[in-house]
Amino acid sequence: QPKIKQENHLILGLDIDKETIDKRIEDRADKMLSLGLVGEVESLARDYGVDAPGLLAPAYKSFIKYLEKKISYSDAKEEFIKCDKRLAKRQKTWFKRNKDIIWIKNFTEADTEVKNFISKFDTMSK
């Protein structure tokens, strides 16, 4: 990955703990299911076929197996959540390789980093 000269830009990354990410993924899965994910999968599979590229996302793949009676509803949900957690881990690993990202945990840290960065360009106070 190319090194970006960090002279006139600031890159902040929100460093969220694994437990929080996992909980958000689980909550998101519950919300998607309550909003009709299974019906959506069923409709898309019927209209485009189960092998359509758009149905390769973890949620779709898992619930196609459920609709085909290959796995239970709870197994489909568990598989979907497990795949999303793996994806989140890969994304975090990928972003951590970028040494230009300043990782922060909260608004206070973000505020400090932004103020420090902007102060380098603040010609009004000099």
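Student: Where is K18 found?

Tutor: This is a predicted model, so every value here is computed. K18 is found in helix α1.

Student: Is K18 buried or exposed?

Tutor: K18 has 53% relative accessibility, so K18 counts as exposed.

Student: How far apart are K18 and K89, in sequence and in space?

Tutor: K18 and K89 are separated by 71 residues in sequence, while their C-alpha atoms are 8.6 Å apart in space.

Student: Now the helices. At what angle do α1 and α4 pack?

Tutor: Helix α1 covers residues 18–34 and helix α4 covers residues 73–96. They pack at an angle of about 135 degrees, and their axes are 10 Å apart.

Student: Why give both an angle and a distance?

Tutor: Because two packed helices are described by the angle between their axes and the distance between the axes.

Student: What does that make α1 and α4 to each other?

Tutor: The two helices, α1 and α4, are therefore oblique to each other.

Student: And is the crossing of α1 and α4 left-handed or right-handed?

Tutor: The crossing of α1 and α4 is right-handed.

Student: Which residues meet there, from α1 and from α4?

Tutor: On the α1 side they are I21, D22, I25, E26, R28, A29, D30, M32 and L33. On the α4 side they are Y73, K77, F80, I81, D84, K85 and A88.

Student: How do the residues of the contact of α1 with α4 divide?

Tutor: Nine residues of that contact are nonpolar and seven are charged, with no polar ones.

Student: Take D84 in α4. Is D84 buried or exposed?

Tutor: D84 lies in helix α4. Its relative accessibility is 12%, so D84 counts as buried.

Student: What is D84 in contact with, leaving aside its neighbours within four places in sequence?

Tutor: With those neighbours left aside, D84 is in contact with I25, R28 and P58.

Student: Switching to α3. Which residues are buried in that helix?

Tutor: Helix α3 spans residues 58–67, and A59, Y60, S62, F63 and I64 are buried in it.

Student: What do the buried residues of α3 pack against?

Tutor: They pack against α1, α2 (37–48) and α4.

Student: How many aromatic pairs are in the whole structure?

Tutor: A search of the whole structure gives five aromatic pairs. In one of them, the ring centres of F63 and Y66 are 6.1 Å apart and the planes are at 80 degrees, so that pair is edge-to-face.

Student: Where do F63 and Y66 lie?

Tutor: Both are in helix α3, three residues apart, which is about one turn of the helix. F63 is at 0% relative accessibility and counts as buried, whereas Y66 is partly exposed at 29%.

Student: What about W94 and F95?

Tutor: W94 and F95 also form an edge-to-face aromatic pair, 5.0 Å centre to centre with 85 degrees between the planes. W94 counts as partly exposed at 43% relative accessibility, and F95 is partly exposed with a relative accessible area of 41%.

Student: Which residues do ring pairs link into a cluster?

Tutor: Ring pairs link F63, Y66 and Y73 into a cluster.

Student: Last one, K69. Where is K69 found?

Tutor: K69 is in the loop between α3 and α4, just after α3. At 75% relative accessibility, K69 counts as exposed.

Student: What is phi of K69 near?

Tutor: Phi of K69 is near 60 degrees, a positive value in a residue other than glycine. Most residues other than glycine have a negative phi.

Notes
Residues numbered from 1 in each chain as written. Predicted model: local features only at pLDDT ≥ 70, side-chain atom pairs only at ≥ 80, totals over all residues. Heavy atoms only, no water. Axes fitted to C-alpha atoms, helices over the stretch in contact; angles between N-to-C directions. Helix = DSSP H or I, 4+ residues; strand = E, 2+ residues; numbered from the N terminus. Parallel < 35°, antiparallel > 145°, perpendicular 65-115°, else oblique. Left-handed = near helix turned anticlockwise from the far one by under 90°. Contact = heavy atoms within 4.5 Å. Nonpolar A, V, L, I, M, F, W, Y, C, P; charged D, E, K, R; others polar. Buried < 20%, exposed > 50% of the residue type's maximum accessible area, 1.4 Å probe, protein only. Phe/Tyr/Trp six-rings, centres within 6.5 Å; stacked < 30°, edge-to-face > 60°.
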